Amino acid sequence: MKSLTTVFILALSFLLSPAATAATGPDELVRKLSNEVLDIIRTEKAKPTEDAKRLVAQVEAAVSPHFDFRRMTMLAVGRDWRQATPEQQQRLVDSFYRMLVRTYSNALTQYRNQTVAFKPARFSPEDTVVHVQTEIRQSGTQPINVDYVLQKSDSGWRIFDVVVAGVSLVTNYRGSFAQEIRAGGIEGLIRALEAREREIVQGSSGQS
Amino acid sequence: MKSEMSGARVGVFALACVMLIASGCASRPANPDDPLESYNRAVFSFNEGADRAVIRPMARVYDAVTPKPVQTGVGNFFSNLGDIWIGLNNVLQGKVADGLSDWMRFAVNTTLGVAGLLDVASEMKLPKHDEDLGQTLGTWGFGEGAYFVVPLMGPRTVRDTLALPLDLKGDNVWTIDHVSTRNVLTGVRFVHQRARLLSVERTLDEGALDKYAFTRDFYLQQRRYKVHDGNVPVEYEDYDALPENGSTKDGEAVPQ
């Protein structure tokens with residue numbers, strides 16, 4: 001479970017990246033994004049006043065253009081995605097996006113000098129889905145495998161899953177999402193996501 | 001005439017069955033991995049309660065009063081004790097080289113690493129592995145069985161629960177018979193392990209829609225990955241790519 005922290009950091013690192021051109025290969029993109037995220041974290045940590053919100057905003061801006069959040073949401077929802085109206089799908093994508101940002105922003109602040117090693121990516125030019133494997137290393141513990149799964153699109157490669165130590169950050173939500181859909185349909189899932197968000201926002205403002 | 005009728009009835013009946021099965025699939029009844037869900041949820045909330053009331057406060061105190069380098073040493077110490085058992089499991093799984101490497105780690109860290117307080121072996125390219133009897137049984141072909149939450153110990157499967165007594169014992173092979181020493185070590189290790197999760201618990205609390213289900217699915221995915229040493233193929237569906245016409249996988253007709 002401690003791998004969660006590292007996973008989140010890595011996942012974050014993925015989300016980042018400004019203008020990558022369509023010519024950037026999937027492995028280059030992953031490398032570029034993780035380095036960018038690590039740079040942002042290190043720069044922010046070196047400042048006298050560390051601002052978690054500023055850190056998250058920077059990472060989010062850098063990473064999110066390179067993630068396919070629609071695909072991620074679809075995979076988290078599973079087969080019932082087809083029953084959702086386009087408007088419901090959009091609401092699902094929006095709430096899931098905010099949930100991911102919230103989750104990972106906690107992890108960003110946990111960075112402890114881990115390093116990222118990139119394994120050579122094996123893929124052929126005609127592949128449209130590529131797994132890029134990385135390893136997070138930290139002294140004294142077993143390295144953690146973090147794989148990014150990318151899909152080729154018109155606007156370049158986009159990440160649609162991050163698999164940390166064998167756990168897909170996206171499909172891991174399927175069980176709990178399916179449960180909500182079973183109980184209250186697609187609308188029930190959207191309500192549950194939105195309610196959870198309100199709970200957390202209120203909880204954290206009440207705490208600190 | 002009569003036999004024709006019954007033939008038609010059988011047909012209708014069969015169709016009804018197919019539809020029932022199809023709709024059953026569509027609404028996905030209980031989670032097939034979790035037939036013991038109601039028991040598990042009860043134990044899970046008991047564990048959560050015990051954690052809130054006793055275990056987490058202890059872990060917080062430990063985390064606050066123990067300097068980071070000391071915590072690292074404590075972690076290394078217990079990690080070193082585990083390497084013998086990890087090595088044995090690697091050997092039992094046929095990974096002899098990995099097993100020898102684990103035992104070498106133990107030898108190096110116990111001596112050069114001052115009774116395991118320092119993890120020198122990792123610097124010497126002897127990486128830490130993660131194996132246990134549950135994984136060994138899985139490698140040998142034992143199914144994992146249902147998901148099972150163990151009181152105070154958390155997520156397991158039935159297979160891993162059966163392996164648990166030996167795993168606990170194996171992990172402590174080098175612990176002295178002296179009862180109070182063993183109790184202290186067991187307690188420290190428990191609190192230490194909990195303390196390491198303090199930094200991620202918020203992520204788990206806030207990232208999950210239902211903490212129980214999230215923990216379960218996380219555990220099962222990770223466990224399967226470990227048993228197969230990382231060789232678990234993943235398939236990604238594309239639910240946006242509906243066939244133009246005809247029917248979907250569920251057998252529902254797509255409106256034209």
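Q: How many aromatic pairs are there over all chains by this rule?
A: The count is 12 aromatic pairs over all chains, where rings of Phe, Tyr and Trp (its six-membered ring) pair if their centres lie within 6.5 Å, and planes under 30 degrees apart count as stacked, over 60 as edge-to-face and the rest as tilted. This is a predicted model, in which local features need pLDDT of at least 70, side-chain atom pairs count only at pLDDT 80 or more, and totals for chains, interfaces and linings use all residues. Residues are numbered from 1 along each chain as its sequence is written, chains are lettered from A and ligands numbered from 1 in the order in which they are written, and side-chain values use heavy atoms, with hydrogens and water left out.

Q: Why is the aromatic pair of A:F67 and A:F69 called stacked?
A: The ring centres of A:F67 and A:F69 are 5.9 Å apart, with 20 degrees between the planes. The pair is therefore stacked by the rule.

Q: What makes A:F67 and A:F69 buried?
A: Buried means under 20% relative accessible area, with exposed over 50% and partly exposed in between (1.4 Å probe, protein chains only). A:F67 has a value of 2% and is therefore buried; A:F69, at 14%, is buried as well.

Q: Why is the pair of B:Y147 and B:Y212 edge-to-face?
A: The centres of these rings lie 6.3 Å apart and the planes meet at 70 degrees, so B:Y147 and B:Y212 form an edge-to-face pair. The pair joins distant parts of the chain, 65 residues apart: B:Y147 is in strand β1 (residues 147-150) of chain B and B:Y212 in helix α10 (residues 211-227) of chain B. Helices (H or I, at least four residues) and strands (E, at least two) are DSSP runs, numbered from the N terminus. Both B:Y147 and B:Y212 are buried.

Q: Which residues form one aromatic cluster with B:F214?
A: A:F96, A:Y173 and A:F177 belong to this cluster with B:F214.

Q: What makes B:E237 and A:R174 a salt bridge?
A: A salt bridge is a side-chain nitrogen of Lys or Arg within 4 Å of a carboxyl oxygen of Asp or Glu. In B:E237 and A:R174 the closest N and O atoms are 3.1 Å apart, so the pair qualifies. The rule finds one salt bridge across the interface of chain A and chain B.

Q: How many residues does each chain give to the contact?
A: Chain A gives 52 residues and chain B gives 45 residues, contact being heavy atoms within 4.5 Å.
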